[in-house]
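Try each task before you read on.

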Amino acid sequence: MDTFYIMLQAHRGFAYLLLVLTAVFVVSLLMAMFGYSGNISKLLRKSTLFTMIFFHLQALVGLVMLFFFSPGFKAAREQGTLMSDSVSRNTYVEHPFAMIVAAVLLTILNKKLKTNEKLSMGMVAMGLIAVALMMWAFQWSRLFA
């Protein structure tokens, strides 16, 4: 079996899990924001931690797949169409970059949630921006294909 296909299926499988973890994270973030007097709950800390861990794992699998095994990335680079073709640009530049930025924001948020007892609006904004970036860059059409 082809290594790229195995990596692609792993990346796709982690995407489903990441969607579920992100939904739990958003619900727990909103629960902490609107309830519990702004106190950071254990559920929020745990959901942020697991979402961050699987987000990093997903990013690692995706980047290894992109740089070492992707025939489309190599072809687009060699033909010089990486940035001129909108599909190639979205798949090989915008998607990875937005996901890396979202992973960095989740990492910073996880650190802030560990060291604080109260939830601030900055933390909420950081979490929602990370989720918004993830949802924007998510390859929805490829996930259910």
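## Exercise 1: Threonine 48

Threonine 48 has a relative accessibility of 0%, so it counts as buried (under 20% relative accessible area; exposed is over 50%, partly exposed is in between; 1.4 Å probe, protein chains only).

A word on the source: this is a predicted model, where local features need pLDDT of at least 70, side-chain atom pairs count only at pLDDT 80 or more, and totals for chains, interfaces and linings use all residues. Residues are numbered from 1 along each chain as its sequence is written, and side-chain values use heavy atoms, with hydrogens and water left out.

**Task.** Find the element that holds threonine 48, then list the residues in contact with threonine 48, leaving aside neighbours within four places in sequence.

**Solution.** 
- Step 1. Threonine 48 sits in helix H2. Helices (H or I, at least four residues) and strands (E, at least two) are DSSP runs, numbered from the N terminus.
- Step 2. Contact means heavy atoms within 4.5 Å. Beyond those neighbours, threonine 48 contacts Phe25, Leu106, Leu109, Asn110 and Leu113.

## Exercise 2: Helix H5

**Solution.** 
- Step 1. H5 has 17 residues and reaches 24 Å from its first C-alpha to its last. That is close to the 24 Å expected at 1.5 Å a residue. The expected span is 1.5 Å times one less than the number of residues.
- Step 2. The buried residues of H5 are Met123, Val124, Met126, Gly127, Ala130, Val131, Met134 and Ala137.
- Step 3. These buried residues pack against H1, H2 and H4.

## Exercise 3: The largest pocket

**Task.** What lines the largest pocket, and which helix gives the most to the lining?

**Solution.** 
- Step 1. A pocket is an open set of points on a 1 Å grid over the protein atoms alone, where a 1.4 Å probe fits, with protein on both sides within 12 Å along at least five of seven lines. Lining residues have an atom within 4 Å of a point.
- Step 2. The lining has 24 residues, and Leu8, His11, Met65, His95 and Gln139 lie nearest the pocket's centre.
- Step 3. H1 (3–34), H2 (42–69), H4 (86–115) and H6 (140–143) each supply at least two lining residues. H2 gives the most, with 7.

## Exercise 4: The whole protein

**Task.** How many helices and strands does the protein have?

**Solution.** 
- Step 1. The protein has 6 helices and 0 strands.
- Step 2. Buried residues make up 38% of its 145 residues.
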